[in-house]
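The sequence and the model are shown first, and the description follows.

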Amino acid sequence: MEGPPSLKHRYSTVCKELELPNNLSIIHVLRELDDKEAPKSISERGINIKIAGNSRLVSVQRISDSDVEALTRTLSNNVFVTGLDLRYNNLTDTGAQHLSKLLQETVALRHLNLMFNDIGASGAESIAEALHVNETLKSLQMTGNKIGNKGGMHFAAMLQINNCLEELDLGDCDLGTQSLIALTTVLNNNRTIRAINMNRPLLYSQQEESTVHIALMLKVNKNLKELHLGKHEMKDFGVERLCEKLTSNFTLRYLDLRCNNITRDGAKCLAELLKLNTALKIIDLTANRIEDEGAIYLSEAIALNTNLKALAIPNNNIGGKGLVSLTKAMKINTTLSHIYVWGNKLDEPTCVAFSDLIKSGRLLEKNTDVSPYDVDGHLHPAELFHGLQRHYYLTPSYGQDHDSACNSALSEDL
């Protein structure tokens, strides 16, 4: 297959036609792609254009609505570009309208990242309507765009029609109870969505109506593998409802319940679920309050479970008793490979227990966030920058953006 024409040249030509100045960040990225991409490799794996506005390594000229108009015209009908990352720029609803035209015309784009721009409900409507006819996009990240309840309803309506999208990220989008329930209701029948993020909605009720609807959906949905429900103000009641329905769910692999109000009773419900050896491979309970009792319940389940691969419990007010019980369970369990515990009460017995796991090879240092070190014959904890989603909101100052140690979503195994 013949390689693509110069993207930089095409972009400059479009800017002249629109009488717009060249955006230096776009020029820099397109020039690099033109220089290093071999035609054969392009035809085999496609081009991923990354113009993130939050780089801490180089000076960035953030993309505006007029810039994205020129960029989308450049990429119109391009058969090589499969990924477009425009996170942390200055795109508004107008920019979303330009992107919606690209989504309707594209024959190749599979991944679109619009994380933390300034897109609102109107822009969400434009993108959602474009996805009514789009047949290529597999992944869409809208994280941090304040599309609100109205924007969430547009995406719920889209999921009734679209049969291609597999990953939808609506975290930190100010979704309301109405749109949460609408999205959940659509997922009762949707057959393509594999992962959905509904973190941090704006909820004004303590009745956990949305959690109840999500639990009912999990009982009948046979396709969802990854579910993010962080900052839902979920209590033990909500966890119990989820666990009741997950006993008959054999597809969900990743359950994210970070930053909720889950205590030892909720941890006990999850432990009883794990004893049934369900399909769950990753559980994230970061920033809850399960304490020692909750950790002991989980350790009892881990000793019996043969499917769980990753457990995240940082900042849960767990003491040495609970943490040591988890290390003992890991000596019995042979499948749990990743465990994250920083932010709890890491006393010396805990450091000794984790040091033994690491020295024996049972736990790899890259698969945990604590590294014990010796000072005058006593072990103390040091934090490692490892976790399930450490690079979710930011790009690293050094190293690779998707370093597996720092972003261990284990997605390839889901």
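Predicted model: local features only at pLDDT ≥ 70, side-chain atom pairs only at ≥ 80, totals over all residues.

E19 belongs to the loop that links α1 (7-18) to α2 (24-36). Most residues other than glycine have a negative phi.

D376 also has a positive phi, near 55°, and is likewise a residue other than glycine. D376 lies in the loop between strands β12 (370-375) and β13 (378-383). With a relative accessible area of 73%, D376 is exposed.

## The nonpolar cores

The largest nonpolar core comprises 102 residues. The residues with the most contacts inside this core are I49, L84, L86, L140, M142, F155 and L227. F155 illustrates how such a residue is surrounded: apart from neighbours within four places in sequence, F155 is in contact with A124, I127, A128, L140, M142, I147, L168, L170 and L183.

## Helices α8 and α9

Helix α8 spans residues 177-187 and helix α9 spans residues 209-220. Their axes come within 9 Å and cross at roughly 5°. An angle under 35 degrees counts as roughly parallel, and α8 and α9 are therefore roughly parallel to each other. On the α8 side the contact is made by L180, I181, T184 and L187, and on the α9 side by S210, H213, I214 and M217. By class, the residues of this contact are five nonpolar and three polar, with no charged residue.

Several residues of α8 are buried, namely S179, L180, A182, L183, T184, V186 and L187. These buried residues pack against α7 (148-159), β6 and α9.

## Helices α4 and α5

A further helix pair is formed by α4 (residues 65-75) and α5 (residues 93-105), whose axes come within 8 Å and cross at roughly 5°. That angle makes α4 roughly parallel to α5. From α4 the contact involves D65, V68, E69, T72 and L75, and from α5 it involves T94, G95, H98, L99 and L102. The contact of α4 with α5 contains four nonpolar, four polar and two charged residues.

## S205 and its distance from L99

S205 is placed in the loop between β6 (195-197) and α9. Its relative accessible area is 25%, and S205 is therefore partly exposed. The C-alpha atom of S205 is separated by 35 Å from that of L99, a residue 106 places away along the chain.

## Cysteines

How many disulfides does the structure hold? The count is zero. C173 is in no disulfide, and the nearest cysteine sulfur to it, that of C259, is 16 Å away. A disulfide would require the two sulfur atoms to be within 2.5 Å.

Is C173 buried or exposed? C173 has a relative accessibility of 0% and so counts as buried. C15 is buried as well, because its relative accessible area is 1% and the cut-off for burial is under 20%.

Conventions:
Residues numbered from 1 in each chain as written. Heavy atoms only, no water. Buried < 20%, exposed > 50% of the residue type's maximum accessible area, 1.4 Å probe, protein only. Core = buried A, V, L, I, M, F, W, Y, C linked by side-chain atoms within 4.5 Å. Contact = heavy atoms within 4.5 Å. Axes fitted to C-alpha atoms, helices over the stretch in contact; angles between N-to-C directions. Helix = DSSP H or I, 4+ residues; strand = E, 2+ residues; numbered from the N terminus. Parallel < 35°, antiparallel > 145°, perpendicular 65-115°, else oblique. Nonpolar A, V, L, I, M, F, W, Y, C, P; charged D, E, K, R; others polar.
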